[in-house]
Amino acid sequence: MPESTAPTHTAASAGRQASAPASPDPLAPYDAVLILSYGGPMGPDDVLPFMRNATAGRGVPDSRLLEVSGHYGRFEGVSPINARNAEMLEALRAELARRGSRVPVAIGNRNWHPFVSEAMRSLADAGARHVLTMTTSAYGSYSGCRQYREDTAAALALLAAGADGETGQGWEVDAAARVGGAGGAPVELAVDKTRPFYNTPGMLEANVDAIVDAYRQLEDRGVDAAGVRLVLVTHSVPLGMEEDSSPHAAERAAGVSPAVAEPGVAPDLSTEISYVEQHRRLAEVLLPQVRERLGMAEDPQTDLVYCSRSGPPQARWLEPDVNDHLEALAAGRLTDGTAVAVPAGVVVAPIGFVADHMEVVFDLDTEARETAERLHLPYVRAATAGTHPAFISSLADILVERAAVARGEEVEPDSTTGTGPFHTVCPDVCCRPGVRRRPHARPGGPHGQD
């Protein structure tokens, strides 16, 4: 880690008082921020190479990729993740500037331009050497956390070797190698990461506001809120990935500690919970606020369901799928056969996503909406956190919190749920892939987990 130096000030002219010392940057010692995201095609020609990256290591033939990528055709080959990330980036830059930070903020993607290596090269060319990263996935899991660390390590190796520029073999080869641009001389960067942020006040406030607004939209259509069922949706992952997303009971009993001691973080892993349990804990603190805001006598009837399952049919992923769930509700039951009242309407809230990615605009705004219409279920999809001011403020808080840790200050992580993950360096016993993977395999699915 480079040592910081005091700023130097000089008088602009003889007899003129020197400028006052600048306030310390709240993100010091970092000299850049890199947002890590999944990426998405930016036109029809990008779709197949992007899908190859998203499924790399699984041996999926191009014929199958073309078959399953048809949803991009509805959007002229452009993933909405690109525009949504640009909006979030602009809002976050403005919030950090308001707090007095002057460090550049860039975005780098796992599966499409700008790749992580491209973004790092751009920051390095501007003088950055100590970079703080944050993912666009709010929850701790392999594809939402540890895999981004793997992406970062791969990009750092490319920059250290000066091998991050175009290959000279064409743009598709560049995309497969996850490189682009002119590259440059070998350079060494130090990179840290933030903790997951599903349990921040802004994540909670943004989702409560969105759900309340969705209920009111149904009320405007004459649907009684008391009869509306709340369907919380997140990205499905393989069962093995869920099981290995937090320490196992035996590992907890053995008193396994994080690999790196971090200020303000429990010395053990007692607060670490799995991917699914993180969503459940958020729901526990979210529902009472929704009930209070809507003036309901009881918490809304609520389910946690999944979307964007991928992989072979025999593979076991988290269920139920949102469409199967809607079918069951319309028949007066849950997918496990439990009898329930047929709802007067449904609010579908994508709490597993922070912006309107393909998983939201296709899986929920298109497929699930069509399912609900066919079943004559009044349907409203709640907004994602997006650029909600409280959410952007919490993202800035997370960055500032990590900078304070890097400065050696005592930090008490703010958590609405009282649960982790709080670590910024993944312990060996969390966020594991849960499957045996070939090199570069991507178990997160063709859309990924953002």
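Contact means heavy atoms within 4.5 Å. This is a predicted model, in which local features need pLDDT of at least 70, side-chain atom pairs count only at pLDDT 80 or more, and totals for chains, interfaces and linings use all residues. Residues are numbered from 1 along each chain as its sequence is written, and side-chain values use heavy atoms, with hydrogens and water left out.

**View 1. Leu92 and its contacts.** Leu92 touches Ile35, Val105, Met134, Ile392, Leu395, Ala396 and Leu399. Residues up to four places away in sequence are not counted here.

**View 2. The largest nonpolar core has 62 residues.** A nonpolar core is a set of buried Ala, Val, Leu, Ile, Met, Phe, Trp, Tyr and Cys residues joined through side-chain atoms within 4.5 Å. Buried means under 20% relative accessible area, with exposed over 50% and partly exposed in between (1.4 Å probe, protein chains only). Ile35, Leu92, Ile211 and Phe391 touch the most other members. Helix α7 (residues 201-220) gives the largest share, 10 residues. Helices (H or I, at least four residues) and strands (E, at least two) are DSSP runs, numbered from the N terminus. Domain 1 (32-197 + 390-407) and domain 2 (201-385) each supply at least three residues to this core. The domain bounds come from an automatic or database domain assignment.

**View 3. A second, separate core holds 31 residues.** Its members include Tyr38, Tyr72, Ile81 and Val361.

**View 4. The open sheet has 4 strands.** Their order is β2-β1-β3-β4, with parallel pairing. Two strands pair if DSSP finds at least two bridges between them. β2 and β4 stand at the edges with a single partner strand each, so one side of each has no neighbour in the sheet. From one strand to the next, the twist averages 30°. β1 and β2 pair over 5 bridges.

**View 5. Helices α5 and α14 lie across β1, β3 and β4.** α5 runs at about 175° to β4. Helix α14 (residues 389-406) runs at about 140° to β3. Axes are lines fitted to C-alpha atoms, for helices over the stretch in contact, and angles run from 0 to 180 degrees between N-to-C directions.

**View 6. Helix α4 (residues 116-125) is largely enclosed.** Here 8 of the 10 residues are buried, so the rest of the structure largely encloses this helix. Among the buried residues are Glu118, Met120 and Arg121. The buried residues of α4 pack against β1 (32-37), β2 (105-109), β3 (130-135), α5 (142-161) and β4 (190-193). Just after α4, Gly127 takes a positive phi of about 110°.
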